[in-house]
Amino acid sequence: MIELIKNTKFDFIGKRKIAYVISAILLLNGLFGIFKVITGTANMGLDFTGGSTVQVKFSAPMTVGTIRDVMTKNDFSKAVIQQVGGADSNEFMIRIGVKDAEAGQAEQKIVSALAAGTGDKAITVSGTSEVGPVVSSQLKEKAFLAVFWALVGILIYIWIRFKFKFAVAATLATFHDVIVVIGILVLFNKEIDLLVVTALLTLAGYSLTDTVVVFDRIRENMKNILKQPLNEIMNSSINQVLSRSVITALTTMFVAAALLFYGGSVLFNFSFSFVIGIVLGVYSSVFVASPMVYDWEMFEKKHRTVK
């Protein structure tokens, strides 16, 4: 197997306090993002808010600012406008809330307002979609349940395969990755829709896989190398699988990056979430999950000594 990184001797456990500070900052941002998602103040997709999305194409060059001015003058002040494709595509996706137009009337209202406001009489509609408030509420509830039960399943799986402290560390590291990604999405005002939920579940699985590989090597070395201090065993174990983690992350990143740059606007938030998740998956298995097990072991050892 090709090794990009050979014979490394990084002191990952020794740098754990720096990592804890970085993670604490990221988690605070993530918790703020979750607060905005729960209160509905984040940029939630049509799947979760209900409403209508109309994709229109202008015959002449158009800007987001011009469209926003027209929409505001026509009482669509909360409309979300995104350009689709390149800067010269003249194609835009316009999303309005469920209160802005009755079902089935969004397309006509938006096109009429744009035609009158911009003077472009040759606007074409590329697509229209509508989601009702009841359906959006059910989708939001099911999305949260999907993420929650996936994480519970992870906890049970790791608990069976490893010790309980490994299970807790792996689950918290996975929670860490999901929360941090949500925070970054909200920070950059990215739309959170069902595809993003899919990305969160995918990256949870990816993060867990990387953590299990590291834990497997730590467990083997803890059995075979009994005379070394635990921090040295853990550092040695992480360094031994570091090349594998980097190669796996890079190859997965190639696919995610291809989707990010060539997948178009529909897949952009999904691939953006996954690219961040790949980096976080490696980071959390090295700097979050393993150090937590180490500190837990040291805490127990200290209290056993005191007794």
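Predicted model: local features only at pLDDT ≥ 70, side-chain atom pairs only at ≥ 80, totals over all residues.

User: What is the phi of Asn189?

Analyst: Start with the general idea: most residues other than glycine have a negative phi. Asn189, although not a glycine, has a positive phi of about 55 degrees. Asn189 also counts as exposed, because its relative accessibility is 52% and the cut-off for exposed is over 50%.

User: Going back to H6, how far apart are its end C-alpha atoms?

Analyst: They are 34 Å apart. Helix H6 covers residues 164-187, so at 1.5 Å a residue its 24 residues should span 34 Å, and the two values agree.

User: And how many residues of H6 are buried?

Analyst: H6 is mostly covered, with 20 of its 24 residues buried.

User: At what angle do H1 and H6 pack?

Analyst: In general, two packed helices are described by the angle between their axes and the distance between the axes. Here helix H1 (residues 16-38) packs against H6 at about 65 degrees, and the axes are 7 Å apart. That angle makes H1 roughly perpendicular to H6. Their crossing is left-handed.

User: Which residues make the contact?

Analyst: On H1 they include Leu26, Leu27, Gly30 and Ile34, and on H6 they include His176, Ile179, Val180 and Gly183. The residues of this H1 and H6 contact divide into 11 nonpolar, six polar and one charged.

Definitions and conventions: Residues numbered from 1 in each chain as written. Heavy atoms only, no water. Helix = DSSP H or I, 4+ residues; strand = E, 2+ residues; numbered from the N terminus. Expected span 1.5 Å × (residues − 1). Buried < 20%, exposed > 50% of the residue type's maximum accessible area, 1.4 Å probe, protein only. Axes fitted to C-alpha atoms, helices over the stretch in contact; angles between N-to-C directions. Parallel < 35°, antiparallel > 145°, perpendicular 65-115°, else oblique. Left-handed = near helix turned anticlockwise from the far one by under 90°. Contact = heavy atoms within 4.5 Å. Nonpolar A, V, L, I, M, F, W, Y, C, P; charged D, E, K, R; others polar.
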